[in-house]
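Subject: Handover of a structure and findings

Dear colleague,

Please find below the structure that I am handing over to you.

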Amino acid sequence: MKAFSTITGIAVPFLEDDVNTDQIAPIPTKRSLKPDYREMFFFRARRLSDDTLNPDQVFNRPQFASPSILVAGRNFGCGSSREGAVWTMQAMGIHVLIARSIADLYRENCLQNGLLPIELPDDKASDIEQRVMAADGSAPFTVDLVTQTISGPGGADIHFDISAADRMRLLEGLDDIGLSLKHEAAIADFETKMKQTSPWLQRAIRAPGTEPKI
Amino acid sequence: MNTSQKPRTMFDRIWDAHYVATRIDDRDLVYIDRHVLHDLHAPHAFEKLAAAMRAVRRPDLTFSMQDHTVATKPGRDENTNPDGAHFQRAMREGSQRNGIRIFDLGDPEQGISHVVAPELGLVLPGSMHGVPDSHACTVGGLGAIGLGCGTSELEHILATQTIALKRPKTMRIWLDGQLRPGVGAKDVSLKIIAALGTAVGRGYAIEFAGPVAQALSVEARLTLCNMTIEMGARSGFIAPDEKVFAYLEGRPYMPRGADWEMARAQWLGLASDENAVFDKEHRVDCGDLAPQITWGTDQSQTISVTEQLPALPQDADARLKMERAFAYMGLEPDTPVQGVKVDRVFIGSCTNARLSDLRIAASMVKGKRVHEGVTAMVVPGSTSVKRAAEQEGLDRIFKEAGFFWGESGCSMCAGGNGDRGRPQERIVSTTNRNFEGRQGKGVRTHLAGPELAAACALAGHIADPRDYLERV
């Protein structure tokens, strides 16, 4: 995973609450194992009913062609656990999500991919929302994970909270599986112990000649 | 099992029993007892794992299902849905390469992972059950902790047989009352979301308890727990009891003999201690519950089928959101929901496509005809459910009434297999998400239980299932 420390770039507002992963990255009609994640990004919201791009939609406006920061409302990323809903953000160049709240699975998927998820209390959220709306893509904002600040036009720096552990993981770009494999001996010990105390959990063997009762 | 003095919740008990280590980033490594994969997300993880030259740690505890991209047309093969073929091939190859048992197309036990795993006894009370799908929570109905996850976490489980998590807080939702005929677990779940919202469970694991949870059948508990993610929580569960043990005993992957007796004894000790403290508690009264139906574009926009659609609120933000939902759904505020014309009815998905769901729907449509102009579909939750239903003659009842009777898969729940509606088509669906575009561009989805869906198929409009229930 790539390390994240600071980014300066355009912040785009999309302030609806309860934005779900079907909105962020719908399952495309034409399926591919390697889809075009840029095209997928908010596919429906960006298009009119005849499937042409809506030039007035915020993501289609020229000043937001290359955003770095997405500013969102409450419960962003609810719904399916699909990780494509984070990959599509990154394909657009978005590396920071600032929201009033973020759905559990989505927040986890952000951390897995080095996208910084920031949750702000209402007063700070409303401050940054107003400033990002006022800037309207004309000036950049900076998000610094080292100092835990958001800065930009229209007001004072905003401090944000993030757990020390999540912060370190992003700053160092730690390989998640590598981090866990440091505990390989503990995993093996656990398995040995479980074989003693609850052996059925360590053994998924089908009894011969059995069919599921329905 | 409880060696400490402090009273514990069931969630804490299971978490503690699966704790392996704490990583330097302060996350707990929690052991995954059973890992069930599906064709939509596993192919990417197999590819990433191979690129990193990592092996699957416990292929013997891992199982593969083909469900999201498979066609439902009778006589299907992997090319029936051409867009799904490469997912299914990658799934098959990745599973075989890594020594994972796959329930492939054509396997007599293929089906939706959350339906098949309980049937086969791949879900054990007190176990941690990982699936790269948000509806992993379904298995909580058997007293297991389901953990839905993304592709990176899926790869992590394959490599380590653990998941790295912050321990969630605990919540108990106490369900009071006694359900009336025509009202089921789906109605309870929608009522909870209408009362508490789609984000109430964010950061929590939810235990459902109280007389309603206890009275639910095992299959109905799977339905209720399936909807936990729609409350914002990753896991939801009900303490296992004799009903659960009776359901599980003798299933193919269950322990047997002395192991079964020992397992059962442990499972009896799983329930939350009487004086256990939850981080949050809610109560929902289900005594007067009528059949529920969603009218909008998230599951909190739910009403009783007997009610009027809501009036627009004063608050500007709330009003805007509601106006948008009304516009998308083609409905007017403050008008009755009953009588709204329906174009299609879908009975299927990991939420409501087990045998009991099909039985109740079949009992309502037996000897009747689907209303003219309505497309009605039944897609069984698994090939085993399909076979059992056919043995009882349910397929004939549905087909004679004018329903499509399909092969098992996720189908119209997410439309990942090409089963989708047309713009502005109004669908009453027993699935779990009524988001804009979920079942196809512009499709207007109303979520409900199988009773209400069956009633709509007959009536041609949104109807109260109690008017169609067999009089006993």
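Predicted model: local features only at pLDDT ≥ 70, side-chain atom pairs only at ≥ 80, totals over all residues.

Contact between the chains

Chain A contributes 50 residues to the contact, and chain B contributes 71 residues. On the side of chain A that touches chain B, the elements giving two or more residues are helix 1 (21–24), helix 4 (104–112), helix 6 (164–172), helix 7 (176–181) and helix 8 (184–197) of chain A. By class, that side of chain A holds 22 nonpolar, 14 polar and 14 charged residues.

Domains of chain B

Chain B falls into domain 1 (10–290) and domain 2 (292–467). The centres of these two domains of chain B, taken over C-alpha atoms, are separated by 24 Å. Their contact involves 43 residues from domain 1 of chain B and 40 residues from domain 2 of chain B. At least two residues of the domain 1 side come from each of helix 3 (82–97), helix 4 (113–120), helix 6 (185–196) and helix 8 (218–226) of chain B. Helix 6 of chain B gives the most to that side, namely six residues. The side of domain 1 of chain B that touches domain 2 of chain B comprises 15 nonpolar, 17 polar and 11 charged residues.

Helix 15 (residues 450–459) of chain B is largely enclosed by the rest of the structure, because 10 of its 10 residues are buried. The buried residues include Glu451(B) as well as Leu452(B) and Leu458(B). Among the elements covering the buried residues of helix 15 of chain B are strand 13 (292–294), strand 15 (344–347), helix 12 (355–365), strand 16 (375–378) and strand 18 (426–429) of chain B. Just after helix 15 of chain B comes Gly460(B), with a positive phi of about 80°.

The largest nonpolar core has 150 residues, of which Val345(B), Val365(B), Ala453(B), Cys456(B) and Ala457(B) touch the most other members. Helix 15 of chain B gives the most to this core, with eight residues. Domain 1 (10–290) and domain 2 (292–467) of chain B each supply at least three residues to this core. Apart from this core lies another, of 46 residues, among them Val86(A), Met89(A), Ile94(A) and Val143(A).

Not counting residues up to four places away in sequence, Ala453(B) touches Val345(B), Ile347(B), Ala361(B), Val428(B), Thr430(B) and Ala448(B).

Strands 18 and 19 of chain B

Strand 18 of chain B and strand 19 of chain B pair in the parallel sense over four bridges. Within strand 19 of chain B, Leu447(B) is the residue opposite Ser429(B). Strand 19 (residues 444–447) of chain B is covered on both faces, with Arg444(B) and His446(B) buried on one side and Thr445(B) and Leu447(B) buried on the other.

Gly348(B)

Gly348(B) is located in the loop between strand 15 and helix 12 of chain B. This glycine, Gly348(B), counts as buried because it has 29 C-beta neighbours inside 10 Å. Leaving aside neighbours within four places in sequence, Gly348(B) has contacts that include Ala353(B), Met377(B), Val379(B), Met412(B) and Thr430(B). Between Gly348(B) and Asp67(B) there are 281 residues of sequence separation and 12 Å in space, C-alpha to C-alpha.

Yours sincerely

Key
Residues numbered from 1 in each chain as written. Chains lettered and ligands numbered in written order. Contact = placed C-beta atoms within 7 Å. Nonpolar A, V, L, I, M, F, W, Y, C, P; charged D, E, K, R; others polar. Domains from an automatic or database assignment. Buried ≥ 20, exposed ≤ 12 C-beta atoms within 10 Å, placed from the backbone. Core = buried A, V, L, I, M, F, W, Y, C linked by C-beta atoms within 7 Å. Pairing = 2+ DSSP bridges.
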